[in-house]
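I opened the notebook today to go through this structure sheet by sheet, and then to look at its core and a few backbone details. The entries are kept in the order in which I looked things up.

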Amino acid sequence: MNWQALAALAAMVLMVIAVAIVAAVALASPSPAHGAALTRSIAASAASGAGGFELTAARVSPRKAYFAGRPVRIEFRLRAPAPLALAVDMVREATGKPVRRLVVPAVAPGAAQRVEWDGLTGSGKVAPGGSYRARLRAPDGSARLAGTFTLRGHIFPIRGAHADRGPIGTFGVARSGGRTHNGFDVNAACGVKLVAARGGRVVRADYDPVLYGNVIIVRGDHTRRDYWYSHLLRTPRVRVGDRVSTGQRLGSIGATGNARTIGCHLHFEIRRDGDPIDPAPELHRWDRWS
Ligand SMILES: [Zn+2]
């Protein structure tokens, strides 16, 4: 190739870059600073052909997240020609669509960034359970994956070896004195760790010598349900009005109240709008994933 052909090629490349810059300025917002940043970002992406930014570090934790528990934390660091606005999208794998977008207005290249997601959708509802990916998207449309995680609405409350008590522990069976069994019983050794299946506010924490023994009731966040934990080994440490998060320790499996003649187990109830429902299907589902 002679120098004339090279010069012609160089002129063409310059023209393409100029057109890209003009297009970027036309697209840019009225803010001059933002427009300049966007122009540089697009020019850089045109030059590298790989979008306006690169992730140099990214981490999502916890990998197994629970609503009303520890928030999903997205930490990252990026390389880019200039600060840029980033959308952090929580994309549901089942649909490929984001359920929530968190916007960081000006991400400085090289600086550690941290974004936290509370598990709510853009319309304030609890996001559906399942697999998610956290995706970072720049104004020019280039996107990078920060990491993946699962979100669930509940954790199984017994954090140790356990087994269903059997037919006598199922929901709705007859009890002495004309009562019916309002919950579901799960056997576990005395002292095994017990946690909140769903975070919320403590509405009862006391001792009932006749039936429940040491009992804690939590009104679940974004539910119309109360979660009952009974026969706990010791006097509850939480008090009425306390907030507990999903997975937070409530106490230990015990045999207080009318469990004293049976042995250590959890009597668990869910009451929706005050009415007990059968917690077994949900308990078994939670047990499979947590
Ligand atoms: Zn029971």
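**Entry 1, overall make-up.** I note at the start that this is a predicted model. I looked up the secondary structure and found three helices and 18 strands in the protein. Of the 290 residues in the protein, 33% are buried. I then turned to contacts between residues at least 6 apart in sequence, and 62% of these join residues at least 24 apart.

**Entry 2, the five-stranded sheet.** I traced an open sheet of five strands, whose order is β2-β8-β7-β4-β5 and whose pairing is mixed. At its edges I found β2 (64–66) and β5 (97–107), and each has a single partner strand, so one side of each lacks a neighbour in the sheet. With direction ignored, neighbouring strands of this sheet are turned by 30° against each other on average.

I went on to the pairs inside this sheet. Strand β4 (residues 84–92) and strand β7 (residues 130–137) run antiparallel and are joined by six bridges, and in this pair methionine 90 stands opposite alanine 134 in β7. Between β7 and strand β8 (residues 143–152) I counted eight bridges, again in the antiparallel sense. For this second pair I noted two facing positions: tyrosine 132 is opposite phenylalanine 149 in β8, and leucine 136 is opposite arginine 144 in β8. The hairpin of β7 and β8 has five residues between the strands, and there glycine 141 takes a positive phi near 95°.

**Entry 3, the three-stranded sheet.** Next I looked up an open sheet of three strands, ordered β1-β3-β6 with antiparallel pairing. Its edge strands are β1 (54–61) and β6 (113–117), each of which pairs on one side only. Neighbouring strands here are turned by 20° against each other on average, direction ignored. I followed strand β3 (residues 72–79) to β6, with which it runs antiparallel over five bridges, and I found isoleucine 74 opposite valine 115 in β6.

Which residues touch the most other members of the largest nonpolar core? In this core of 56 residues they are Ile74, Leu194, Ile216, Tyr229 and Leu266. β4 gives the most to the core, with five residues, and at least three residues come from each of domain 1 (48–152) and domain 2 (163–289). I checked leucine 266 separately: leaving out residues up to four places away in sequence, leucine 266 touches Pro157, Ile158, Asp185, Val186, Ala188, Leu194, Tyr229, His231 and Ile253.

The peptide bond from serine 61 to proline 62 is cis, with omega near -10°, and proline 62 lies in the loop between β1 and β2.

Alanine 68 is not a glycine, yet its phi is positive, at about 65°; I placed alanine 68 in the loop between β2 and β3. Is alanine 68 buried or exposed? Alanine 68 has 26 other C-beta atoms within 10 Å, and because the cut-off for a buried residue is 20 or more, alanine 68 is buried.

Histidine 231 likewise has a positive phi, of about 70°, although it is not a glycine, but its place is in strand β14 (residues 225–232). Histidine 231 counts as buried, with 28 C-beta neighbours inside 10 Å, and I had already listed His231 among the residues that leucine 266 touches.

Conventions
Residues are numbered from 1 along each chain as its sequence is written. This is a predicted model: local features need pLDDT of at least 70, side-chain atom pairs count only at pLDDT 80 or more; totals for chains, interfaces and linings use all residues. Two strands pair if DSSP finds at least two bridges between them. Helices (H or I, at least four residues) and strands (E, at least two) are DSSP runs, numbered from the N terminus. Axes are lines fitted to C-alpha atoms, for helices over the stretch in contact, and angles run from 0 to 180 degrees between N-to-C directions. A residue is buried if 20 or more other C-beta atoms lie within 10 Å of its own, exposed if 12 or fewer, and partly exposed in between; C-beta atoms are placed from the backbone. Two residues are in contact if their C-beta atoms, placed from the backbone, lie within 7 Å. A nonpolar core is a set of buried Ala, Val, Leu, Ile, Met, Phe, Trp, Tyr and Cys residues joined through C-beta atoms within 7 Å. Domain bounds come from an automatic or database domain assignment.
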